[in-house]
Amino acid sequence: IVQINDAAGQPVYQITLAGNPAGGDDFTVAVNAGGSSDNRNALALAGMSLTKTVGTQNFSEAYGLLVSAVGATTEAAQNNRDAADTLLNQSQSNRDSVSGVNLDEEAANLIRFQQNYQAAAQIINAARTLFNSLLAAFQ
């Protein structure tokens, strides 16, 4: 007799096999109308939650450890990302302090260069006047 059970363990179909001496096997399939649910599969499944089936832990403990490990790894990755962002910002700030343009400083440099240019122009003008005076004296 072979029984096909539903998920909770109740026999649904009953198959009976019998040998036939005239040649071949006889079998019958019938609904097991008189069967009652014994819930053996549901009870076995519930029992697995307490049984040490994953190494030295049950499913609940193993799942809890897995979730904890994933959470710790995720937090470590987030901390590493935050530290890398901080280093990036510091590096960019250092680069900008060296290569960045300060408009006030550039304006002061322009005024200084303009004054230097004007002073050089006055020296050249004085030299030209002196040279012209010397040329006029020898003519």
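Is K52 buried, partly exposed or exposed? K52 is partly exposed, with a relative accessible area of 47% (buried means under 20%, exposed over 50% and partly exposed in between, with a 1.4 Å probe and protein chains only). The model is predicted, so local features need pLDDT of at least 70 and side-chain atom pairs count only at pLDDT 80 or more, while totals for chains, interfaces and linings use all residues. Residues are numbered from 1 along each chain as its sequence is written, and side-chain values use heavy atoms, with hydrogens and water left out.

The whole structure contains 3 salt bridges (a side-chain nitrogen of Lys or Arg within 4 Å of a carboxyl oxygen of Asp or Glu). One of them joins the side chains of K52 and E61, at 3.3 Å from N to O; E61 is partly exposed at 34% relative accessibility. R81 and D82 are paired at 3.0 Å, with relative accessible areas of 47% for R81 and 36% for D82. In the salt bridge between R95 and D96, the closest N and O atoms are 3.0 Å apart, and D96 is partly exposed at 39%.

N58 lies in the loop between α1 and α2 (59-99) (helices are DSSP runs of H or I, at least four residues, numbered from the N terminus). N58 is buried, with a relative accessible area of 9%. Contacts of N58 (heavy atoms within 4.5 Å), not counting residues up to four places away in sequence, include M48 and K52. The N58 side chain also reaches the backbone nitrogen of S60 at 3.1 Å and that of E61 at 2.8 Å. M48 is found in helix α1 (residues 40-48) and is partly exposed, at 34%.

Notes: Helix = DSSP H or I, 4+ residues; strand = E, 2+ residues; numbered from the N terminus. Polar contact = N/O pair within 3.5 Å; in protein donor to acceptor, adjacent residues only side chain to side chain.
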